[in-house]
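Biologist: I'd like to learn how to read a fold from its coordinates. Could you walk me through this one?

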Amino acid sequence: AVLAPAVALLLAGPGSSHPHDGRFDWLVPPILRLTEYGFVASVGFAHEVPPWLIFTLLGAMAFHHYDLVYRLRQRVYPPQWLATFGFGWDGRMLLVALGGLTGQVTLVFALLALYLWGLFGWESLTCWLAVPRSGAGTVDPETHD
């Protein structure tokens with residue numbers, strides 16, 4: 001099971017150069033998220049990592065994915081370095097697998113959760129505080145009937 005990230009990478013890698021204009025290409029991101037979250041949870045529960053720590057790591061990843069989707073909807077694009085330093089879905093899965101191979105799953109979960117919450121939380125906070133506010137999406141209750 002710890003080799004699942006390598007298999008997923010080998011299966012998903014060739015498709016990444018595809019233009020993604022097919023009828024069902026919108027399914028790729030949710031399937032990758034489901035694979036990543038499922039793998040992390042499976043390794044965590046199999047190695048008896050405390051459930052709160054599994055939830056903390058999954059929360060950091062889910063927060064990042066939500067933040068990315070919201071940014072794209074607002075046309076506020078994340079910096080390129082965020083994907084590199086966030087390790088990508090494949091890198092995070094490989095780190096968890098490495099923890100499973102070395103028997104240090106709880107330590108890897110704790111360090112990865114702290115690192116990802118710090119990285120994604122700080123970058124999101126600084127980005128959204130720097131974006132100028134526009135009143136286009138708000139309605140003034142006094143002038144609206």
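Modeller: Start with the order of elements: from the N terminus on, the chain runs α-α-α-α-α-α. That comes to six helices and zero strands. Keep in mind that this is a predicted model.

Biologist: What share of contacts joins residues at least 24 apart in sequence?

Modeller: Here it's 78%, counted among contacts between residues at least 6 apart.

Biologist: And how do I read burial?

Modeller: The general idea is that in soluble globular proteins, nonpolar side chains tend to be buried together. In this chain of 145 residues, 28% are buried. As for the surface, the chain exposes about 9800 Å², and carbon and sulfur atoms supply 68% of that.

Biologist: Which residues have the most contacts inside the largest nonpolar core?

Modeller: Val40, Leu57, Val96, Phe109 and Leu116, in a core of 23 residues. Helices α2 (28-46), α3 (51-74), α5 (88-102) and α6 each give two or more residues to this core. The most come from α6, which gives seven.

Biologist: Let's zoom in on Leu116. What does Leu116 touch beyond its neighbours within four places in sequence?

Modeller: Its partners are Leu57, Ala60, Met61, Gly86, Arg92 and Gly121. Leu57 is also on that list of core residues with the most contacts.

Key
Residues are numbered from 1 along each chain as its sequence is written. This is a predicted model: local features need pLDDT of at least 70, side-chain atom pairs count only at pLDDT 80 or more; totals for chains, interfaces and linings use all residues. Side-chain values use heavy atoms; hydrogens and water are left out. Helices (H or I, at least four residues) and strands (E, at least two) are DSSP runs, numbered from the N terminus. Buried means under 20% relative accessible area, exposed over 50%, partly exposed in between (1.4 Å probe, protein chains only). Contact means heavy atoms within 4.5 Å. Accessible areas come from the Shrake-Rupley method with a 1.4 Å probe; for residues, only the protein chains shown count as cover. A nonpolar core is a set of buried Ala, Val, Leu, Ile, Met, Phe, Trp, Tyr and Cys residues joined through side-chain atoms within 4.5 Å.
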